[in-house]
Amino acid sequence: MAKAANLGGKSGVRIVVAGDRGTGKSSLIVTAAADTFPTNVPPVLPPTRLPENFYPDRVPVTIIDTPSRVEDAGRVAEEVKRADAVVLTYACDRPETLDRLSTFWLPELRRLEVKVPVIVVGCKLDLRDENEQVNLEQVMSPIMQQFREIETCIECSAFKHIQIPEVFYYAQKAVLHPTGPLFDQESQTLKPRCVRALKRIFILCDQDRDGALSDAELNEFQVKCFNAPLQPSEIVGVKRVVEEKLPGVATTDRGVNECGLTLTGFLFLHALFIEKGRLETTWTVLRKFGYNNDIKLADELIPTFKRAPDQSTELANEAVEFLQMTYELYDSDYDNNLRPAELEDVFSTAPESPWDEVTYKDAAEKTALGGLSMNAFLAEWALMTLLDPSRAVENLIYLNYPGDPATAVRVMRKRCLDRKKQQSERNVFQCFVFGPKHAGKSALLNSFLGRPYSDSHTSSAEESYATNVVDLPGGIKKTLVLKEIPEGGIKKLLSSKESLAPCDIAVFVYDSSDEPSWKRTTDLLVEVAGHAEDTGYEVPCLVVAAKDDLNSFPMAIQESTRVTQDMGIEAPIPISSKMGDTNNVFRRIVNAAEHPHMSIPETEAGKSRKQYHRFINRSLMFVSVGAAVAIVGLAAYRVYATRKSSSS
């Protein structure tokens, strides 16, 4: 299994052979397995297994034959969908079967969305007319240009035992060492994800951080990946190949300098290996450093974090310090502004920048130059760790985090314990922002990120995030994550019992100039508070009166004060995003979240339930006291009776 895990997790390879009737499918399979040409073969062979020691990678191969009848097309389709690789056959003595590959078989595989390597095999080579000279490369080149899924083409003869084992070797190799993830055939260059992975490996091996692999470092790399050292003459030979073949002029990076092999030379060597068909060399390197067939770190290398629904996750201090150093390293002009190009450099050893995704793309405050300050950079990491701690740690590993990945994240105390202890130890708080359409939710998030106010309203049906650092008195910094819940998504959110478990505090925003907006917000507050009471995931709540620059609706203050007092929470906080007056609302949100036992609203149903429980408890107490009095009275009577009897 260890060997299989080192080959992209493959414990076996399933190869399906398909093609027109009479093209030699069954004879090809039998000859490969039994090493003898069959005189009689059934129309369709049962699954044929080649032993694991048949090929050097020692991975078992199962070959599936397929029928050629039209009525069996459904069965063939099911088999190719389950294949790791497909072998398409044609007969060398029947040119029309070769034409059928591009007119039927290859388009059919695409229609079925079969995205596995394809090996094109010409069978019955011995039957081709000797006078007919065929240049296989010339014939197949146009087809391979049109169908990039073709890994290789080969011609064979089962009757004369010509290149039979090679057919399934190439098919197995295409599965275990695929070209697609590594190399772009059209541009003849390494694919971006491959370059990023090799760059990370280069940095890991460049122990003295001088930008080149010395002879000693190159040798250590060779031993780690291939379990064999390089001879001094071999190291010289490697460098000479790079210097001779790498294009460029003396003033540019020629792949080798006085310190050793540079990153340019390292990447060039791998491109050369792939061009020469030695994909196993690059795959061996990638897999030794933990990469799978998608050129991402294998799942078993990424720690997972078990937590209760009301437990959150934060980066440990060591991870935060590492990220601060990383920021300073890439902020080359020390202006507290990590520009987009510099941020791309930060993630240049990850498969891609995770912050290009919708969730993170616009979630942090940008500088005037479109970059990130240190606070914004750390806030983005805090958001990723909160939402997907394993993903955050995976990206830390891509950045070559030196610590133990399993301890890079802290699982925080349950919120129910925070309420009992009447304080929170968290450094990152998540706030759900509720409110009706046009209430000012998006404007609140934008003002949190320092964005200018805009009158144009863009309603979104998707949840969106805003994260930033909030400065508290005494130099204390906390990270606040605002999650906007669209009005249309509230029903779906509250359909789950644990939906409020990740929420540290809920904020309800209404348009203070619009009475229907206030009434809808009141309904939402009661609905969310009721759900919290029913599920036990109660959260502090604040109400925000947005658009304070407009005239309030009649009785606005009296009405809002009455409702909030009845529910036992603070009066609404007036703000005006348009005027830039946020009334310290973000600091007040954090303060409320730090005291999770306060600002928890009570609905009428919740109050009635509490009164009922008090009544039941009081009744039980009276029953208990009455029983105790009766027991004491009975005991006293017994003592009295005993004494009376004794005196008589």
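This is a predicted model: local features need pLDDT of at least 70, side-chain atom pairs count only at pLDDT 80 or more; totals for chains, interfaces and linings use all residues.
Serine 552 counts as partly exposed, because its relative accessibility is 42%, where partly exposed means between the cut-offs of under 20% relative accessible area for buried and over 50% for exposed, with a 1.4 Å probe and protein chains only. This serine sits in the loop between strand E18 (541-546) and helix H21 (556-567), and helices (H or I, at least four residues) and strands (E, at least two) are DSSP runs numbered from the N terminus. Not counting residues up to four places away in sequence, serine 552 touches Ser512 and Ser513, a contact being heavy atoms within 4.5 Å. Threonine 189, by contrast, is 363 residues from serine 552 in sequence and 64 Å from it in space, C-alpha to C-alpha.

Residues are numbered from 1 along each chain as its sequence is written, and side-chain values use heavy atoms, with hydrogens and water left out.

Let me turn to glutamate 515, which is found in helix H20 (residues 515-535). Is this residue buried or partly exposed? Glutamate 515 is partly exposed, since its relative accessible area is 33%. Leaving out residues up to four places away in sequence, arginine 391 touches Pro354, Glu357 and Met384.

Proline 309 belongs to the loop between helix H11 (279-288) and strand E12 (313-315), and it counts as partly exposed because its relative accessibility is 33%. Which residues is proline 309 in contact with, leaving aside its neighbours within four places in sequence? They are Arg415, Glu498, Ala501, Pro502 and Tyr537. The C-alpha atoms of proline 309 and lysine 414 are separated by 8.4 Å, and these residues are 105 apart along the chain.

Two backbone angles also deserve a mention. Asparagine 584, in the loop between strand E19 (573-574) and helix H22 (585-594), has a positive phi near 55°. Serine 599, in the loop between H22 and helix H23 (604-647), likewise has a positive phi, near 60°. Most residues other than glycine have a negative phi.

Now for the chain as a whole, which has 23 helices and 19 strands. Its radius of gyration, taken over C-alpha atoms, is 35 Å, whereas a compact globule of 648 residues would have a value near 26 Å, by the rule of 2.2 Å times the number of residues to the power 0.38. The C-alpha trace spans about 125 × 80 × 60 Å along its principal axes, and buried residues make up 47% of the 648. Of the contacts with a separation of 6 or more, 71% join residues 24 or more positions apart.

Finally, the UniProt annotation "domain: Miro", from an unreviewed entry, covers residues 10-177 and 426-595; such annotations may be inferred rather than shown by experiment. Over residues 10-177 the chain is 36% helix and 20% strand, with the end C-alpha atoms 11 Å apart.
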